[in-house]
Structure formats: C-alpha cells, structure tokens
Amino acid sequence: MHSEEFLHTLMRRQLKLSIACAATFLVALLGMPLLNYYAPALMATRVAGFTLSWLILGVLFFPFVWIISWRFIKQSIALEQDEVKSVKR
Amino acid sequence: MSYCIASLGGIDPWIVAFSLITVVVTVWMGFRSAKTSKTASDFFVAGRSVSVGWNASAISGEYLSAASFMGIAGMVMSSGYDALWYPVCYACGYLFLLLFIAGPLRRFGAYTIPDFAEGRYDSPLFRKIAVCFVLFIGFFYTMPQMKGAGVTLAYIFPGMPYWAGVVLVGAVITLNVALGGMKGITLVQAVQYWIKVFAISVPIFVLAAVYGFYGTHLGANVAPGEAAAPVTSAEVSRHDLPEKAPKDAPWVSPFGPLTTKAVNAAAAALPAEQRAAYLAEHQKPYSLLYTYSLIIALVCGTAGLPHILVRFYTNPDGVAAKRTTMWVMILIGVFYVFPPVFGVIGRNLMPELYAGVGAEGTDKVVLELPTLVTQKLGIIGSILERYHVRGSLCRVHEHLQRIARLDDRCPRARRVRTHAAAAVHAG
C-alpha cells in the first residue's frame, strides 16, 4: 500500500486542482447575475436573434461546463499517474 | 387518426400501444435482472460493474424528470429568462459533484449514503441522521411524482381515475425494483434517457423546420431598449398575447417575473403612493438576491441528491466514477438545451396557454406544441406527439423507481427487499 505521505501529497494536489476548476466555474456562474445587473444594455445586445444574456445562459454555459470537466478529468488522472511514477522512483 | 380515437372510446391506440410496451419492458427487465442479481452487491450497487456508458445514460435518464421535461419548458414560457437558471444550475451541480465528491465517494466503497456517513465519520448517530434526511428528501420527491403519474395517465386515458394511475405506476415500479434491484433499474433508466432525449429534441427540430428556430422566435420579442423586435411577428406567425401573459421586456431580460415575485408582493402590500418608490429602490437588488439564492439552492441541491450519489458506487473505480460524471453532464446538458426552446416557441405560437392555471396552463406546452405539427403534417405529427407523450410517461416511471430505491436506506426495508429477492431465487 502507499505511504501516508504519498496519499497526503496526492490528495492535496487533487484538491488544489478541484478548487482551481471550481473557481473558474463559480466566477462565471456567480458573475452572470452581476453582469446582468451592472451592464443590462450590453447583455441585451442581439446575437443571431438571441439576447447575449440568453445565449450565454441558455446555450453556451453547457459547453463551458463540459470543457472544465474534461480538463479536470485529464489533469486529475495525469496527477495520479505522476504521483505513482514518482513513488516508484 | 380521429376514427381510431372514436372507435376506442376516446383512448388513442398509439398511446395504449406505447404504454403497454413501456410497462411490459419495464417488468420484463425486472425479472431478467432478478436472475442475475445474486449478491447484496448486485442488488444495491449492480455488482460495481456498470460501464461508464450505461451508467451515464442511467444516471441521466434517472435525473431527467417531469420537472425537466415539462416543468422547465412551462417555466420558461411563463417566466422567461429567469427560468434558465434551473437547467444551468442542475448541470453545474454535477460539476460540483465531479470536482469534489465523485472520486472520493466511490473510493470509500460503501453501499449507500448512510453507510458512507457511518463509515467515514465512525458514527452510528450520523448514519441515523443521514437516513432521516434521505427519507425526508425521498418523501418530498415522491409526492409530486405520484401526482404526475396520476395526472399523466388521466390525461392519456380519459376516463381513468386519478388514483388508478398512481396505483398502477406504483405497482409496476415496485415490482421492477423489488425483483431486479440496481441492475434492473440501471438498464431501464439507461434506455429511458435515450427515449427522453429523442422525445424532447425531435419535435423541436420538426417545429423549427416549419416555424423557425430558437433565435428567430426569441428575436420576435422586444428587448428593453429596442424600438422594435428584430424579427417581425409575421415571420414566426406570432399570435397575440393574452392579458395574463408577461410583457416582452421583463420576459426576455434578467430579473423578470420569477425573481421579482417576492418584492412585487411586498410592494403590493404597501399603500398605492409608496409602491413606485419602493419598487424603484428595491426591485432589482432583491431580485439579484433571489437569483443568488436560487443558484445556491439548485447547485447544492443537485450535488446532494442521495439517489444520484449512490450511483457512483456502481462504477468499478474512482476514475470510472469521474468519467461517468462528465458524460452525465454532457448527456443532460444536451437535453437541457431543448425544453426552453419549447417555452420560447410556445410563447409565440400558443399564447392561449397563459390563460390556464397549473397543469392546464403553460406546463402543458411540451404536450400541446407538437399538436401544431399534426395540423400541418398529418400522420407524422401524430406519431411525434404520441412518442412525445410516451417520453412523459417514462419520467413518471423512473421517478417512482428512484423513490422505491431510496427505501433501501431504511434497514427494515432493506431486509424486506433482500427477503423478497431471496424468495424469488428460491421459488
């Protein structure tokens, strides 16, 4: 089995990764209402029939979330493999 | 199709056929899984061997309820922009799950959430508390689903009493769960996701081909600060809005009817002279607060659903659990683009729904809108509509499955369930 120290380092790095990804999506999610509040004219500009606000929230937010999750998984698996390699050394 | 309807005393033969198929397949899958469910591990967590593809489809199928199918469309139609927070926050709740919960939860390796609570924190008391919460959530989840079952079946089969729908769907699902446990359910729900996503998207594409797509219909609403809408009413055959309907500007912009409800009610309680001043000062800030409160509730609520959390245990390992979550986000994200489109098109083409209340009002838009296609395209429209209604039925089914499974958390129910399974094997 792995040592306590190994697990501890791995967990800490995974947590940092999780927090970084969470921060990205939280800034976008919680920033949207602020954008709507302070820049209503900007958010009402038309894009292909949609208002910018509607386009972002109703359509674009989903691919944004998918990209974050894909990057998180890639990096978290890479982290695990990294740690395993460094222990084997 | 009207002669068929007349001959069966008002019941549509397509719907009878679809419904019968759904019931038979569900029960059959329960029996089939009973044969392969031998251990407690099989029964509660499908032997921890569900592949990413099946599991993602099953979780997505399970997650997408009547609320997602019909409710979001109805809410977007009645409240506009603000209702878009619902699907987005559901998807973000899953991201939250992925980032912090999926991997570690799966690696811990228990059977249920109360198991995890007790094991992780070494506390039987915590287990009891977790059980109470799970039952509480389950109870409040079941009530609307039972109602949905009764209402849907009463809608589809005119003449069927409300309670009969509730009992029938409840019986089918209980049978399926008791026999097959998690394996039976996983199969049923995976299939149901694909049925649902086609049921929500195909009518949209057909409607869009005939009446114009998402952006075009949104363009027909006048945003604040615009002199006129970019798309004319004639281009999308827009009907006139009834009195009750929200006006274009608050509907299409943020801080509209949904998030200003509370502050408007407070203003209405004031004497008339003070209202305008009160609203000018408080409407937008309170509505911003409401928005944030909605976001927090939806994201944390989604991340905490016990019947979703327990699904992570059915993956072979932590990496699979994470991958499953990502695919779930993709599958439900793709689904969630479509219900708002129903709401938007419904506002333009069927505004008479605004005059109705509750189940007779905007909530029906998903069921009613495809009928427009029937008028134009005859039989294709009919089939589309029937398939679509069947999609609604699916949701009711799988809701009750989910609730029936939650009872597994209660130790007594677990013993009963295991005895039932054992009896089936012995008999």
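I take a residue as buried under 20% relative accessible area, as exposed over 50% and as partly exposed in between, with a 1.4 Å probe and protein chains only. The model is predicted, and I kept local features at pLDDT of at least 70 and side-chain atom pairs at pLDDT 80 or more, whereas totals for chains, interfaces and linings use all residues. Residues are numbered from 1 along each chain as its sequence is written, chains are lettered from A in the order in which they are written, and side-chain values use heavy atoms, without hydrogens and water.

I looked up Phe335(B) and found it at 0% relative accessibility, so it counts as buried; Tyr336(B) is likewise buried, at 0%.

I then turned to the aromatic pairs (ring centres of Phe, Tyr and Trp, the last by its six-membered ring, within 6.5 Å; planes under 30 degrees apart stacked, over 60 edge-to-face, the rest tilted). The structure holds 18 of them over all chains. Trp54(A) and Tyr81(B) make an edge-to-face pair, with 6.2 Å from centre to centre and 65° between the planes, and both residues are buried. For Phe335(B) and Tyr336(B) I noted centres 5.8 Å apart and planes at 85°, so this pair is edge-to-face. Ring pairs also link Phe335(B) and Tyr336(B) into a cluster with Tyr63(B), Tyr86(B), Tyr90(B) and Tyr94(B).

Last, I checked for a charge over a ring (NZ of Lys or CZ of Arg within 6 Å of the ring centre and within 35 degrees of the ring normal). Arg120(B) has its charged end over the ring of Tyr121(B), 5.1 Å from the centre, and Lys284(B) has its charged end over the ring of Tyr37(A), at 5.4 Å.
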